[in-house]
Amino acid sequence: MLTNKIIPQEKGIDHTLKLLKEGYLFIPNRVKAYQSSIFETRLLGKKVICISGKHAAKLFYNEELFQRKGALPKRIQKTLFGVNAIQTMDDERHRHRRLFFLDLLNEAGQKRLVSITKIKWQMALRRWQATDEIVLLDEVKYILCEAVCEWAGVPLGQSEVKRRADDFYAMVNAIGAVGPKYWQGKRARKRTEAWIKGLIEEVRTGKRHILPHLALYQAATYKDLEGNVLDVQMAAIELINLLRPIIAISIFITFTALALYEHEDSKEKLGQGDERDLEMFVQEVRRYYPFAPFLGAIVRKNFIWRGCKFKKGTLVLIDIYGTNHNEDIWNAPYVFRPERFKDQGAHVFDFIPQGGGNLVTGHRCPGEGITIELMKVSLDFLIHKMKFDIPKQDLSYSLTNIPSSPRSGLIIRNIQPKY
């Protein structure tokens, strides 16, 4: 794909409404129309450069050229991430804060969360046998909420599970919303922050005793780059940034079940396969189905890339969905084909469903590893440990709604264990 020295510019005063209308395809549509991996548009009254593809992703994750501070709109901070959270940080301050997440999501931490999640799946399966049908998306939200809260040391009564899980999900569901859905996400964040702040204060004052390796204790005692304990608001925000993304994996897991339904041949292969087959399948789910549409960063200093000028202070969006469906990277990108992941390559910039770059030092999602593991656990249950029917329903999903998921939430019936 050719890139001109003059960046193609979309005509018009502002294109925010087009973005809301087109969703995941906003950038890919223009990349195709301009036959260029880079173009300029205007969003919320400001000039924005959009880029797509493997080389664009490599550029985007160059920390000498881009910063995250100033990239996230306040409206998203007030629902999804929390104000002034790790997603707004750069350089040493970002790397230091990132250790909070990486240390908790190390190999031992991942194994413990996987083990707890397996137990929650088993408990759910027993419950489901007594019901006529369930909505899988909702039920998986509750499974993951119970599991991650137990793993983190966050107390959660059985009567609280639905309310807390729905609030976590509402924050995610508000990312591309306007109107009632956005305000629902904002109210959900306010309630959740108040809840978690109360727990952190209890740990700090000695009213709640908790093991030091648990995430609640770590958040309550974590110190910033200057050696100061985080204020209770920020400690709560970062703990939520550990918990909330786990509940969001319910979207990937629901798409995993949809992929099994839509690709019966894969289901038969997985039934006779091994863990490597499970991993290839969930990786293809992460590539093929929509999750994050794009991510933003601010140009840190003037520079030229491929003859195109990037001016300091400009917002740049990297096309996540389009890069994962780029014909220059993927053969037949709109065909679901798990076998494409037989390659054990690192996929640092060509496969970016949760961002790209270096996992340890960069801005790639620190929860990517546990996402894959929890998807594998869930896929194993769906294939090997339970049998069920999928009735006729609306299993379509919109590329306009962000985040997207099957419209029905994926209803399953006649659930029984496999012995």
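## Helix packing, cavities and backbone details

Helices H7 and H8 are roughly perpendicular to each other, because angles of 65 to 115 degrees count as roughly perpendicular, whereas those under 35 count as roughly parallel, those over 145 as roughly antiparallel and the rest as oblique. The axes of H7 and H8 (residues 161-173) cross at roughly 100° and come within 9 Å. On the H7 side the contact is made by Leu137, Lys141, Tyr142, Cys145 and Glu146, and on the H8 side by Val161, Lys162, Arg164, Ala165, Asp166, Phe168 and Tyr169, where contact means heavy atoms within 4.5 Å. Sorted by class, these residues divide into seven nonpolar, no polar and five charged; here Ala, Val, Leu, Ile, Met, Phe, Trp, Tyr, Cys and Pro count as nonpolar, Asp, Glu, Lys and Arg as charged, and the others, Gly among them, as polar.

The model is a predicted one, in which local features need pLDDT of at least 70 and side-chain atom pairs count only at pLDDT 80 or more, while totals for chains, interfaces and linings use all residues. Residues are numbered from 1 along each chain as its sequence is written, and side-chain values use heavy atoms, with hydrogens and water left out. Helices (H or I, at least four residues) and strands (E, at least two) are DSSP runs, numbered from the N terminus. Axes are lines fitted to C-alpha atoms, for helices over the stretch in contact, and angles run from 0 to 180 degrees between N-to-C directions.

| Helix pair | Axes come within | Crossing angle |
|---|---|---|
| H6 (residues 107-128) and H7 (residues 136-152) | 9 Å | roughly 140° |
| H11 (residues 232-262) and H12 (residues 264-272) | 5 Å | roughly 105° |

H6 and H7 are therefore oblique to each other. Their contact includes Leu113, Ile116 and Trp121 of H6 together with Val140, Ile143 and Leu144 of H7, and by class it has eleven nonpolar, two polar and six charged residues.

H11 and H12, by their angle, are therefore roughly perpendicular to each other. Leu260, Tyr261 and Glu262 in H11 meet Glu264, Lys267 and Leu270 in H12, which gives a contact with three nonpolar, no polar and three charged residues.

How many cavities of 30 Å³ or more does a search of the whole structure find? The search finds two, where a cavity is a set of points, on a 1 Å grid over the protein atoms alone, at which a 1.4 Å probe fits but cannot get out, and where lining residues have an atom within 4 Å of a point. Grid points are joined across faces, edges and corners, and a volume is the space filled by probe spheres set on the points.

The largest cavity has a volume of about 50 Å³, and its lining includes Arg286, Tyr289, Phe291, Ile320 and Asn324. Helix H13 (275-288) and helix H14 (320-323) each supply at least two residues of this lining, which divides into seven nonpolar, one polar and two charged residues. The second largest cavity, with a volume of about 40 Å³, is lined by Arg93, His96, Arg97, Asp224 and Leu225, and by class its lining has one nonpolar, one polar and three charged residues.

Two backbone details remain. A cis peptide bond with omega of about 0° joins Ile402 and Pro403, and Pro403 is found in the loop between strand S9 (386-389) and strand S10 (411-417). Arg306, although not a glycine, has a positive phi of about 55°, and Arg306 lies in the loop between strand S6 (303-305) and strand S7 (308-310).

Definitions and conventions: On a 1 Å grid over the protein atoms alone, a cavity is a set of points where a 1.4 Å probe fits but cannot get out, and a pocket is an open set with protein on both sides within 12 Å along at least five of seven lines; lining residues have an atom within 4 Å of a point.
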